Amino acid sequence: MSAIGILGGGQLARMLVLAGAPLGLRFSVMDTVADACAGQLAPLLVGDYRDERVLQEFANGVDMTTFDFENVPADSAEWLAAKIAVYPNPRALAVAQDRLTEKTLFRELGIPVPDFAEVSTREELEAAIIAVGVPCILKTRRLGYDGKGQFRIRSAEDVDLAWKALGEQAAAVGLILEAFVPFLREISVVAVRARDGEFRSWPLTENWHVDGVLSASLAPADVAVDMEQAAFTYAQRLAEHLDYVGVFALEMFECEGRILANEMAPRVHNSGHWTIEGAETSQFQNHLRAILGLPLGSTRARGHVCMLNWIGTMPDPQPVLREAGGHWHDYGKQARAGRKVGHATLRTDSRDELAAALLRIGEALARHAQVAPVIESLSHAFTIVRQPEDGLFAS
Ligand code: AMP
């Protein structure tokens, strides 16, 4: 029986543990906080990722390690890799940790990206705004996630505000200025690469974000075949270049008939949660199969699926659980503003049935202030909502 170590003990680790049980796996999780939610399901070691004593203790108990959190210091991943197998490899982790390195690599690999420029000083920011144009987004190169560490620049006059917001970070984590993409929608490829190089993608997922945080995903996305093929090709090219092993996500914008890559997540991804019930093999199961050297499972979708993220607090589960294809995931976390505390998945055989199920759930949850925007954004996307004057989704 293999023992798998997971660096980071959040909901991704928790779902990896759940997926690993049928494979007979044991897990050990490391996190910096004692209430990390994967600790409810597997032994949890609490410590700093830079503390070699704790890392050694972690390594002693496992055969290989993987990540639930991509901002584990790449040096710590390297240190571990000298002792045990680490998947994905520390280089892939390092590339994904730095938006500038990542976008530069995408460009080198022929993967289209929005215009971007490195920014280290205020003068460079002014020059970058001229080069990239407005509107644009100033982002920290490192340690940003879910829209944190970002400032939207609407005109050249915003330079003061932008520098005030993020200038201090220039020395610590570096900055990158990116052209703002007036995207039609956001899509992601969730894919897996095995130790022997076999590559599989789940059908493309369409994603909605609210304030930079994923609120809902729909799969399979209704995307033109050539665009879908291009997305798979880019993901495979990237995975092969990085000799990547395991699941990863490539987040992209669809804009004017093209796709532009935004970022890569070197781990199982929120936009792939739908695969638990909506695909033949889930992203969590295939990640474990990949790192263990087991055959990959089929990534075929089972019908039409929608995933709704619960942010801040869990709503009443009844409306989802009443649905034939309704599934509930409570991560066992304390409620806290902005925190991902759970999700629901709805699976149906047709898109019409999915739309009808969403309407029923939307109606039932409409009084829940945090939930209404999620249902609303989905409903808009489906163009199934009755007119706002019906008050269907009024919160
Ligand atoms: P990120 O942390 O880069 O994933 O950004 C979080 C969210 O901000 C994305 O999912 C988009 O909704 C939005 N965003 C980020 N970069 C851009 C961009 N260059 N143009 C338009 N929207 C963006």
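Let's start with Asp243: at 48% relative accessibility, this residue counts as partly exposed, where buried means under 20% relative accessible area, exposed means over 50%, and partly exposed is in between (1.4 Å probe, protein chains only). The model is predicted, so local features need pLDDT of at least 70 and side-chain atom pairs count only at pLDDT 80 or more, while totals for chains, interfaces and linings use all residues. Residues are numbered from 1 along each chain as its sequence is written, and side-chain values use heavy atoms, with hydrogens and water left out.

**Positive phi in two loops**

- Asp243 is not a glycine, yet its phi is positive, about 50 degrees.
- You can find Asp243 in the loop between H9 and S14; labels like these come from DSSP runs numbered from the N terminus, with helices being H or I runs of at least four residues and strands being E runs of at least two.
- Glu256 also has a positive phi of about 50 degrees and is not a glycine.
- Glu256 lies in the loop between S14 and strand S15 (258–265), and with a relative accessible area of 72% it is exposed.

**Cis peptide bonds**

- Tyr87 and Pro88 are joined by a cis peptide bond, with omega about -5 degrees.
- Pro88 belongs to the loop between strand S5 (85–86) and helix H4 (90–97).
- Another cis bond runs from Ala219 to Pro220, where omega is near -10 degrees.
- Pro220 sits in the loop between S13 and helix H9 (225–241).

**Domains and the nonpolar core**

- The chain is divided into domain 1 (3–86), domain 2 (115–179) and domain 3 (185–390), with bounds that come from an automatic or database domain assignment.
- Between the C-alpha centres of domain 2 and domain 3 there are 29 Å.
- The largest nonpolar core has 39 residues, and Phe27, Trp274 and Leu288 have the most contacts inside it; such a core is a set of buried Ala, Val, Leu, Ile, Met, Phe, Trp, Tyr and Cys residues joined through side-chain atoms within 4.5 Å.
- Elements that give two or more residues to this core include strand S1 (3–7), helix H1 (11–20), strand S2 (26–31) and helix H11 (283–292).
- H1 provides the largest share of this core, 6 residues.
- Because domain 1 (3–86) and domain 3 (185–390) both give residues to this core, it lies between them.

**Helix H5 and Arg99**

- Helix H5 covers residues 99–108, and its buried residues are Arg99, Leu100, Glu102, Lys103, Leu105 and Phe106.
- An α-helix has 3.6 residues a turn, so residues three or four places apart point the same way.
- At the start of H5, a side-chain oxygen of Asp98 comes within 2.9 Å of the backbone nitrogen of Leu100.
- After H5 comes Gly110, with a positive phi near 75 degrees.
- Arg99 counts as buried at 5% relative accessibility.
- A polar atom of the Arg99 side chain lies 3.2 Å from the backbone oxygen of Thr140.
- Arg99 and Arg142 are 43 residues apart in sequence, with 6.6 Å from C-alpha to C-alpha.

- Lys139 is in strand S7 (residues 136–140) and counts as buried at 4% relative accessibility.
- Lys139 and Leu177 are 38 residues apart along the chain, and their C-alpha atoms are separated by 6.3 Å.
- Ala194 lies in the loop between S10 and strand S11 (199–201), and it is buried, with a relative accessible area of 5%.

**The second largest pocket**

- This pocket has a volume of about 310 Å³, where a volume is the space filled by probe spheres set on grid points joined across faces, edges and corners.
- On a 1 Å grid over the protein atoms alone, a pocket is an open set of points where a 1.4 Å probe fits, with protein on both sides within 12 Å along at least five of seven lines, and lining residues have an atom within 4 Å of a point.
- The second largest pocket is lined by 16 residues, and Arg50, Val72, Pro73, Ala74 and Asp75 lie nearest its centre.
- Helix H2 (52–60) and helix H3 (74–81) are the elements that give two or more residues to this lining.
- H3 gives the most, with 4 residues.

Terms used:
Polar contact = N/O pair within 3.5 Å; in protein donor to acceptor, adjacent residues only side chain to side chain.
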